[in-house]
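Let's take a walk through this protein together. Have the sequence and the 3D view open as you read.

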Amino acid sequence: LANSYGGTSFAAPMWAAYVALANQQLVANGYKTLGFINPYLYAFGTSTSYKTDFHDITSGKSGSYSAVTGFDLVTGWGSPNGVNMINALVSEK
């Protein structure tokens, strides 16, 4: 799911929706919900699936911090890559 919006006012509800969809799929398949997802996200960010699970944001700046390839203090790992991120989260159970 690509979009041209940004900021935490948009990102927080998007993440909530991705996690809700992943949890819905997990429960439908008889598994428990995800819970705390940060360990999964960092594992995805450092794995070979990074470019599948995230859209890397490599340009832009906030104060003295610049976006770079991979993890940075402006964008973190980047933005989630919709269905690929949901599937990655579901596959962790």
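This is a predicted model: local features need pLDDT of at least 70, side-chain atom pairs count only at pLDDT 80 or more; totals for chains, interfaces and linings use all residues.

What covers the buried residues of H2?

The protein has four helices and four strands. Starting at the N terminus, their order is α-α-α-β-β-β-β-α. The C-alpha trace spans about 45 × 30 × 20 Å along its principal axes. For 93 residues, a compact globule would have a radius of gyration near 12 Å, and the 14 Å of this protein agrees with that.

Now zoom in on helix H2, which covers residues 38-45. Its buried residues are Tyr40, Leu41, Phe44 and Gly45. Looking down the axis of H2, you will find these buried residues within an arc of 135 degrees, so they line one face of the helix. That brings us back to the opening question: the cover over the buried residues of H2 includes helix H1 (8-28), helix H3 (50-53), strand S1 (54-55) and helix H4 (82-91).

Stepping back to the whole chain, buried residues account for 32% of the 93 residues. Among contacts with a separation of 6 or more, 51% are between residues 24 or more positions apart.

As for charge, the protein carries 4 positive and 4 negative side chains, with the centres of the two sets 6 Å apart.

Definitions and conventions:
Residues are numbered from 1 along each chain as its sequence is written. Side-chain values use heavy atoms; hydrogens and water are left out. Helices (H or I, at least four residues) and strands (E, at least two) are DSSP runs, numbered from the N terminus. The radius of gyration is taken over C-alpha atoms; the globule rule is 2.2 Å times the number of residues to the power 0.38. Buried means under 20% relative accessible area, exposed over 50%, partly exposed in between (1.4 Å probe, protein chains only). Contact means heavy atoms within 4.5 Å. Lys and Arg count as positive and Asp and Glu as negative; His and the chain ends are not counted. The place of a charge is taken as NZ of Lys, CZ of Arg, CG of Asp or CD of Glu. The arc is that of the directions from the helix axis to the C-beta atoms.
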